[in-house]
Amino acid sequence: MEQKTAAKAPKGLFKHKRLLVVGLAFFLAGLVAASGLQLTAPSVAAEFKAGQSVTTGAPPALPSSFAGLAERLSPTVVNVKVTKFVKTGFEGQQLPEGPFRDFFDQFFRNMPQMPQMPQGRQTHGLGSGVIISNDGYILTNDHVVSGAKEVTVTFSNQNEYKAKVVGRDPKTDLAVLKINGGKSLPSAALGDSDKLKVGDWVVAIGNPFGLSNTVTSGIVSAKGRVIGAGPYDDFIQTDASINPGNSGGPLFNMYGQVVGINTAIIPQGQGIGFAIPVNTAKPLIPQLVSNGEVTRGYLGVNIQSITPELAKALKVKDHKGALVAGVMDKSSADKGGIKRGDIITSFNGKAVKDAHALPALVAATPVGEEVKLKVLRQGEEQEITVKLGKLPSEHASLDNPAKPTAGKWGLEINELNAQTEQRYGLKADKGVVVVGVEPNSPAQKAGIRQGDVIVEVNQKSVASIKDVKETIKQSKDKDNLLLLVQRDQNVMYVPLQQKG
């Protein structure tokens, strides 16, 4: 009997122990829920890093703190101080936006020159940047350093360095600076902006209003935003606070990787900021470092998106694709057989959703590469092979059209095309258009104005920037230049002279 009683005692004891363990487990689960602890977060992060999709379980809670990220990443963010020379007088007027901008532009350009007025003054601007290599390359916005005479960067530890602008790309609003600060500078890793999802947490670090190393947080509000900033708009929208001075600063993900470059805000909005995806910047950085500019593929077409009305008129089923409204003479598209009225639906195997999608695909393709296009022509699908040309530079100097500087003559010129004709109200058949005049330069002293069309250089007709470059190169007199200039309906000779 004693043995039977002794045998039953442990069985009951184990039963009570099991009840005790179960009760303790429920107690701990309640304690975790009450305290807000996230015991499953490490495993979720590990699965995400491994590229696995986490489809079960409760969503992670708000980050308890960004202090660790801020402490680790702040040394990679710099304050960018820029000294610029700003034109004054009518040439430097800030024109109002809106329907009357063209009127005021024409008014100021037609005003007589006033040499007695001050030609310019120095101003200072502030922005941000992020160090992307240990030897001192810094990524920022082009609009932060455009026109800079001097650039200084300040680290979080208040160390200052003079910086050189090694490359600029106005079309994407990106620029690269270089400082000589040794080979062991703190640098940030570039992430993958394509992996960002709407709702992901992001952190912005910058210098809003000159307040250095300001950290703000928010989420990705939207992707692929088009805000009219340029031909390659593809912005990340975030509600992380971005203000003047944040421009050029990094947008980080929760792994501390740069996923965007903070660029723009809507002044009248709150919690609406825009960043350039880092995947846009990554292929451009090597070109900016080595060449100082970006070389892009060029197709040579004017395109537009297909509206419901156009789709009905063209008798197409959907609105996808880019409608060719015009083909540039002797361009890659012209040589390849693309015609007005074609609808480009595919570029090198990638679908063309609308007119906004095509320029980015073309620009990302190396110059000289043959690409296959699928087009709809009168309802029939065709495949066309085109060899891409080089996108012409937006600005060029009269001395060296390959570089966006005014040169010794003080002139910046551009090709005569639909955009420049509309911008300056031109009615010229050939020539190059003046898009900038340097103060106190030979061109400014000779009375050359923005919007003038240069028809001849040294009594030789010019129809392109290339023509201008060749004519100047062949000139024996390097101190004098004779231009034939068309201004409105008038044509006149204008001599430019260098001081001896």
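In the predicted model, strand 18 and strand 19 form a hairpin in which two residues lie between the strands. Within the turn, Q378 adopts a positive phi of about 55 degrees. In general, strands of a sheet pair through backbone hydrogen bonds, in either a parallel or an antiparallel arrangement.

The secondary structure of the chain comprises 13 helices and 27 strands. Among contacts in the chain with a separation of 6 or more, 59% are accounted for by residues 24 or more positions apart. The accessible surface of the chain amounts to about 28100 Å², and carbon and sulfur atoms contribute 54% of that surface.

A further element of the fold is a closed barrel of six strands, in the order 7-8-9-12-11-10 and with antiparallel pairing. From one strand to the next, the twist averages 45 degrees. One of the pairings involves strand 10 (residues 250–252) and strand 11 (residues 258–265), which are antiparallel and share three bridges. In this pairing, L251 is located opposite G260 in strand 11.

The largest nonpolar core contains 26 residues. The residues with the most contacts inside this core are V130, L139, L174, I205, F252, V258 and I261. At least two core residues are supplied by each of several elements, including strand 6 (174–178), strand 7 (201–206), strand 12 (273–277), helix 3 (67–73), helix 6 (278–281) and helix 7 (285–291). Strand 11 provides the largest share of the core, namely three residues. The surroundings of L174 were also examined. When residues up to four places away in sequence are not counted, L174 touches L139, T140, N141, D142, R168 and D169, together with I261, I276, A281, L284 and L288.

Toward the end of the description, attention turns to K469, which lies in helix 13 (residues 465–474). The relative accessible area of K469 is 39%, so this residue is classed as partly exposed. K469 and V457 are separated by twelve residues in sequence, and their C-alpha atoms are 9.7 Å apart in space.

Definitions and conventions. Residues are numbered from 1 along each chain as its sequence is written. This is a predicted model: local features need pLDDT of at least 70, side-chain atom pairs count only at pLDDT 80 or more; totals for chains, interfaces and linings use all residues. Side-chain values use heavy atoms; hydrogens and water are left out. Helices (H or I, at least four residues) and strands (E, at least two) are DSSP runs, numbered from the N terminus. Buried means under 20% relative accessible area, exposed over 50%, partly exposed in between (1.4 Å probe, protein chains only). Contact means heavy atoms within 4.5 Å. Accessible areas come from the Shrake-Rupley method with a 1.4 Å probe; for residues, only the protein chains shown count as cover. Two strands pair if DSSP finds at least two bridges between them. Axes are lines fitted to C-alpha atoms, for helices over the stretch in contact, and angles run from 0 to 180 degrees between N-to-C directions. A nonpolar core is a set of buried Ala, Val, Leu, Ile, Met, Phe, Trp, Tyr and Cys residues joined through side-chain atoms within 4.5 Å.
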